[in-house]
Amino acid sequence: MTHASKQGTLNIGRSIARGGAIVLCLVIAGCVHNHHARVHDESSFTQTTRNLHHYARICMGSRCTIVIEAESEPAAARAAASAFDEIACIEQALSDYRADSESMRLMRGSVDTWHTVSETLFEVLEQSMDIHNRTNGAFDPTLGAVTHLWRESSMPSGEELTRALDRVGFSKLHLDQGTRSVMFDRNGMILDFGGIGKGYAAQRALDLLRSQGYTIASVDMGGDLALGDPPSNHPDGWRVEIITGLGTNRSVSLANCAIATSGDLERFYEYEGVRYSHIIDPRTGYGIRERRAVTVIAPDASIADAIASAVSVLGEDGIEHVRAAYPDVSIELVTRSIEGD
Ligand code: AMP
Ligand code: MG
């Protein structure tokens, strides 16, 4: 279980709900834990160390932890509950694991028709399109038809991938800001916000806490962290331990920013000895085969989340382009070529 180790520090694991394996990439640390555990069954917990109140729930298939510094625990608990409610609304808008989410219902609608959508869905689509353009298309949440194919089949055929790729691409999806509407050109398109949704939710939850006066707070969506002002007894910031799994563990103190990691360390498919990351190259429809671990520190958690996914696709070749597009973002990439190739 995530737990307080000493005031101002806590251990946070990155976990995923599927694929059988999880990897810890970020730990706000007093000590390091490798969370090789599945998402726990308990739906919530509360823990207090002096004035730092810790709350956790399962959200978006991950363990989400909120920490708030406050004099009053009941008031902090109410604020945390409102933040969890916000995250639940975001999940209902964006999830591609729920057939009844707004995004899944939208994409079952008619082609060539404008559909009005919620502010949340529209904002994430606009942000996604912008990141897509600035990353040369590496970040692409329109590739749901492909990610769902990989979820369903151990090794899709080339023909299946070609058919799925025909239902991918921002050129087939149109946004109208004036009417907050979306139109798409192909039946069977699916939006997969797996590369941005948790960061977006972490940022929105932190912003909500700030608007309620809780400026000393952090939100961790299972590895995508949004950090507010530093805890009183840690003026340098929240201590975050970065565990890439590729031999470059380190810890940093951060405040008023976001950090995210991305990589295939344990989230991958394996077929006939070849390992494919869960992160897909939108140009080919195949998972990335080079092992990459990306750590991104950015002013905003959705940007951090999405850039981490994009750089996982681009690797060394594309990193300078992304750095130039996002000068206020710090990006670190560790690469290991795949053995046995
Ligand atoms: P992350 O863990 O943030 O790197 O996001 C990985 C998830 O994003 C995957 O499990 C897919 O749901 C989705 N995804 C995979 N490839 C891409 C891509 N090229 N662009 C955007 N999202 C992707
Ligand atoms: Mg990401």
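This is a short tour of one predicted model, stop by stop, for you to follow in your viewer.

Residues are numbered from 1 along each chain as its sequence is written, while chains are lettered from A and ligands numbered from 1 in the order in which they are written. Because the model is predicted, local features need pLDDT of at least 70 and side-chain atom pairs count only at pLDDT 80 or more, whereas totals for chains, interfaces and linings use all residues; side-chain values use heavy atoms, with hydrogens and water left out.

**Stop 1: the ligand**

Select ligand 1 and the 18 residues that surround it (a residue is near if one of its heavy atoms lies within 4 Å). The closest are Asp140, Asp192, Ser262, Ile280 and Asp305. Colour this shell by type and you will find seven nonpolar, five polar and six charged residues (Ala, Val, Leu, Ile, Met, Phe, Trp, Tyr, Cys and Pro count as nonpolar, Asp, Glu, Lys and Arg as charged, and the others, Gly among them, as polar). Helix 7, residues 301-314, gives the most to the shell, with three residues (helices are DSSP runs of H or I with at least four residues, and strands are runs of E with at least two, numbered from the N terminus).

Now show serine 262: an N or O atom in its side chain is 2.4 Å from an oxygen atom of ligand 1. Taken alone, the ligand exposes 500 Å², and the protein buries 97% of that (Shrake-Rupley method, 1.4 Å probe).

**Stop 2: helix 4**

Next, select histidine 148 in helix 4. Is histidine 148 buried or exposed? Histidine 148 is buried, with a relative accessible area of 11% (buried means under 20%, exposed over 50%, partly exposed in between, with a 1.4 Å probe and protein chains only). Its side chain meets that of aspartate 96 in a polar contact of 2.7 Å (N or O atoms within 3.5 Å, one able to donate a hydrogen and the other to accept it; residues adjacent in sequence count only if both atoms are side-chain atoms).

**Stop 3**

Tryptophan 150 lies in helix 4 and tyrosine 286 in the loop between strands 16 and 17, so the pair ties together parts 136 residues apart in sequence. Tryptophan 150 is buried at 1%, whereas tyrosine 286 is partly exposed at 28%.
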